[in-house]
Amino acid sequence: MNDFDDLIRTSLREHTPATAPDDTLADQVAATGRRIRRTRMAGVAALALVVVVGIAWGWAALPLFTQQGVAAMPTMSQPTPSHPASSPDPSVRDVSATGSPEGINYTGALDNYFASPSGNFHCFISTAGAGCAGEKWDKGVKPSKKICQGVGSVIGPELRGGTAAAWVCDTDPHSQPFLSGAGGDGVTWWDPTFGESIPAPSDPSTKLAVLPYGKTLVAGDFSCSMAKDGVTCSNALSGHGFHVSRSKVDLER
Amino acid sequence: MTALSTTADLAADIDFESFVASHQVRLRRYALALTGNGHDADDLLQATLVKLYLAWDRIEDHDHLAAYARVTMARTYVSIWRRWGSRESPTASPPELPASGSDTTADRDLIWRGLDRLGRRQRAVVVLRYFEDLDLATIADTLGISIGTVKSQLSRALTNLRDLLGGDES
């Protein structure tokens with residue numbers, strides 16, 4: 001311990017005075033938590049309903065196929081996502097197997113973080129989803145933090161699973177990928193021949209990959225393309241997507 | 001079943017309320033040390049508590065709730081998504097700093113404002129080391145980075161802060 005250490009300690013303590021406790025804080029947080037849980041449950045219930053209906057349809061259709069002499073159940077048709085790893089297109093890169101491990105409370109997918117060439121958008125793409133956070137927005141583009149139910153801030157548009165794109169808040173538990181989970185470097189996954197990297201705005205001592213204009217990243221069913229008029233991310237399987245620019249956000253791309 | 005769930009939920013809510021009541025002042029000071037201003041500190045505290053509430057039933061050892069909250073808050077702070085990181089870019093024009101001198105009050109103010117010049121991870125390492133008094137290994141676990149990265153981040157942060165004091169003295 002030395003004088004400089006003491007100076008830092010004293011400075012931190014001196015500038016962080018204790019404030020009177022807010023007696024309503026726990027209630028506010030619990031109310032928000034319950035709302036998030038209800039939203040999650042509704043999503044799970046909707047997904048379960050789709051699965052049950054699908055299975056019921058399959059069982060109902062089976063005798064029909066059998067009667068028609070079909071030996072086996074036909075495989076449910078699934079759109080085949082384009083995987084650029086097998087594509088000669090040099091403007092597309094498959095990052096399904098790269099990225100950073102998830103942070104706490106997240107989904108288990110590997111997140112690949114990248115920025116727009118202007119530096120205004122910071123995005124992620126994984127096999128579980130894609131989303132972008134904006135640094136600057138034109139007035140009126142970003143919705144009020146009321147959509148965060150009174151707690152937290154609006155981050156930006158996000159695609160998650162097969163659902164439609166939506167604005168997300170930093171209090172949404174799934175929307176908290178952490179750069180710190182990347183093992184200390186945000187670009188270990190990045191191919192420097194595909195694009196440059198820049199100092200991360202959150203911490204210039206780390207780097208952030210930059211997806212060049214005209215290039216696309218693909219992870220599973222998800223893809224994100226960079227253009228001068230903004231970033232477009234979509235889910236090839238569900239058909240949902242979003243386009244984000246400083247002046248406009250389209251959640252039904 | 002529903003009644004049982006409701007009772008369990010109620011008990012969990014009471015536990016949570018008790019935790020918030022006993023820890024919110026300390027956590028808010030920690031949030032203030034990380035963010036540097038009251039508005040962002042309140043946002044960070046709320047976001048952390050919401051995540052804690054949602055994870056409440058999955059946390060087996062409630063003796064370590066405070067540590068869980070500390071990890072959650074630190075990681076949320078350094079997250080690339082946080083709005084204060086983009087609004088307060090550390091590469092932006094630095095704030096006007098008071099002159100350093102023999103007055104230790106001025107030096108402490110200089111250090112506090114100098115923290116705004118650090119990247120978020122550097123600042124988090126400094127706060128965990130000097131505000132939370134954690135050792136390097138615990139800081140590494142808290143942020144999910146290696147001890148080597150903690151050492152290098154802390155070293156750079158201290159060099160930057162020393163430069164503020166030393167630079168103005170010359």
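Guide: A residue is called buried under 20% relative accessible area, exposed over 50%, and partly exposed in between (1.4 Å probe, protein chains only). By that scale B:Asp116 is partly exposed, with a relative accessible area of 35%, whereas B:Arg123 is buried at 2%. These two residues form a salt bridge, their closest N and O atoms lying 2.8 Å apart; the term denotes a side-chain nitrogen of Lys or Arg within 4 Å of a carboxyl oxygen of Asp or Glu. This is a predicted model, in which local features need pLDDT of at least 70 and side-chain atom pairs count only at pLDDT 80 or more, while totals for chains, interfaces and linings use all residues. Residues are numbered from 1 along each chain as its sequence is written, chains are lettered from A in the order in which they are written, and side-chain values use heavy atoms, without hydrogens and water.

Over all chains, the structure holds 10 salt bridges. Another of them joins B:Glu132 to B:Arg26, with 3.1 Å between the closest N and O atoms. B:Glu132 lies in the loop between helix 6 (120-130) and helix 7 (136-143) of chain B, and B:Arg26 in helix 1 (residues 2-35), so the pair ties together parts 106 residues apart in sequence; helices here are DSSP runs (H or I, at least four residues), numbered from the N terminus. B:Glu132 is buried at 13%, and B:Arg26 is partly exposed at 37%.

Terms used: Helices (H or I, at least four residues) and strands (E, at least two) are DSSP runs, numbered from the N terminus.
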